[in-house]
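Here is a short briefing to read alongside your model. Have the sequence and the 3D view open as you go.

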Amino acid sequence: MSFRLNRRIRAARRSTKSLGIALVYHRIGKPAGDPRYELVPALDTDIFEAQLDHLRENYRVVPPSRLAEATFERRPGEPFPVAITFDDDLSSHVDVAAPALRRAGLPAGFFICGASLDGPHRFWWEDLQGLADYTGPDTGFDIGQEFDLAELARGVPGVIHQIAERIEQLPPQQRDEVAAALRKHAGRDQEQLDANDVRVLAAEFEIGFHTRRHYLLSTLDDAELRSALSEGLAELEATAGRRLTMLAYPHGKADRRVADAARNVGFRLAFTGFPVPLTAQTDLLMVGRIDASVISPTGFGRVIRDTLTHELG
């Protein structure tokens, strides 16, 4: 599989405008997941490696911490800079993504919660996925908050995303109650990153923070927000062996209040999930990212190209 650089992006390189792109991935592996039924579907390993080849051949791949610098120092005719990032505490980061990056000789950054540093941990969306994967139409379960999970049990396409969005928007206490109910009904724990895994990643790649509890930060009051941005950070820093100044917002969402709070805590660079390029006007606490794991196999190069050329006009 190949992704060719077309005339539009070649012409765009002549622009003097400062533009950079950040990409975000989650789970990498085989078999590929199905986004109709999965919240975090796996991106097929072969497709991921083809994407890495395309980036290496057509862009300047830089560590996330250097994306802004590389964007502003690019000269006309030179490739646009791209940063590769990963969110969540997934074992595939170590087992699949890191070896592929190593083979391609490319840098990347991993944004980690650190919730499993002290022992097994499973987030609510993983338990929700467990219910969707292993329950049948005759299996009854109740997670409170008047959630009707009948369509989830029947395997209706897209319904898991609707339920997840409702849970995500709940105030912290209510969300924790739903999470506890999901944990009660869900299946076995899935492997996450332990302390040794974090050290393995930190030896070769950049590490950032993804918050310990993965709350939707805009749902928190000011005191809760400050706590969420610092809880578990020191432990993750000690494990990674460095100070962490980069943040990826949980669920890829943040507003001005959240960005200002992150800045006040001491983060110098923070990423959202809004699919926009980095420009000279971008607040470095609100850098957008393209979710590369949900792009069609043949659409990867086009999406990056269109994101850049749309900004150029």
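**A strand pair, a helix and a threonine**

Phe-111 has Gly-208 as its bridge partner in E5. The model is predicted: local features need pLDDT of at least 70, side-chain atom pairs count only at pLDDT 80 or more, and totals for chains, interfaces and linings use all residues. Residues are numbered from 1 along each chain as its sequence is written, and side-chain values use heavy atoms, leaving out hydrogens and water.

**Strands E4 and E5**
- E4 and E5 pair in the parallel sense over four bridges; strands pair if DSSP finds at least two bridges between them.
- Strands (E, at least two residues) and helices (H or I, at least four) are DSSP runs numbered from the N terminus.
- Glu-206 and Gly-208 on one side of E5, and Ile-207 and Phe-209 on the other, are all buried (under 20% relative accessible area, 1.4 Å probe, protein chains only).

**Helix H9**
- Among the residues of H9 (195–202), Ala-195, Asp-197, Val-198, Leu-201 and Ala-202 are buried.
- Those buried residues fall within an arc of 160° seen down the axis of H9, so they line one face of the helix; the arc is taken from the directions from the helix axis to the C-beta atoms.
- Their cover includes helices H4 (92–104) and H11 (233–240) and strands E4 (109–112) and E5 (206–209).

**Thr-279**
- Thr-279 lies in strand E8 (residues 278–279) and is buried, with a relative accessible area of 7%.
- Beyond its neighbours within four places in sequence, Thr-279 is in contact (heavy atoms within 4.5 Å) with Ser-18, Leu-19, Phe-72 and Glu-311.

Methods
Buried means under 20% relative accessible area, exposed over 50%, partly exposed in between (1.4 Å probe, protein chains only).
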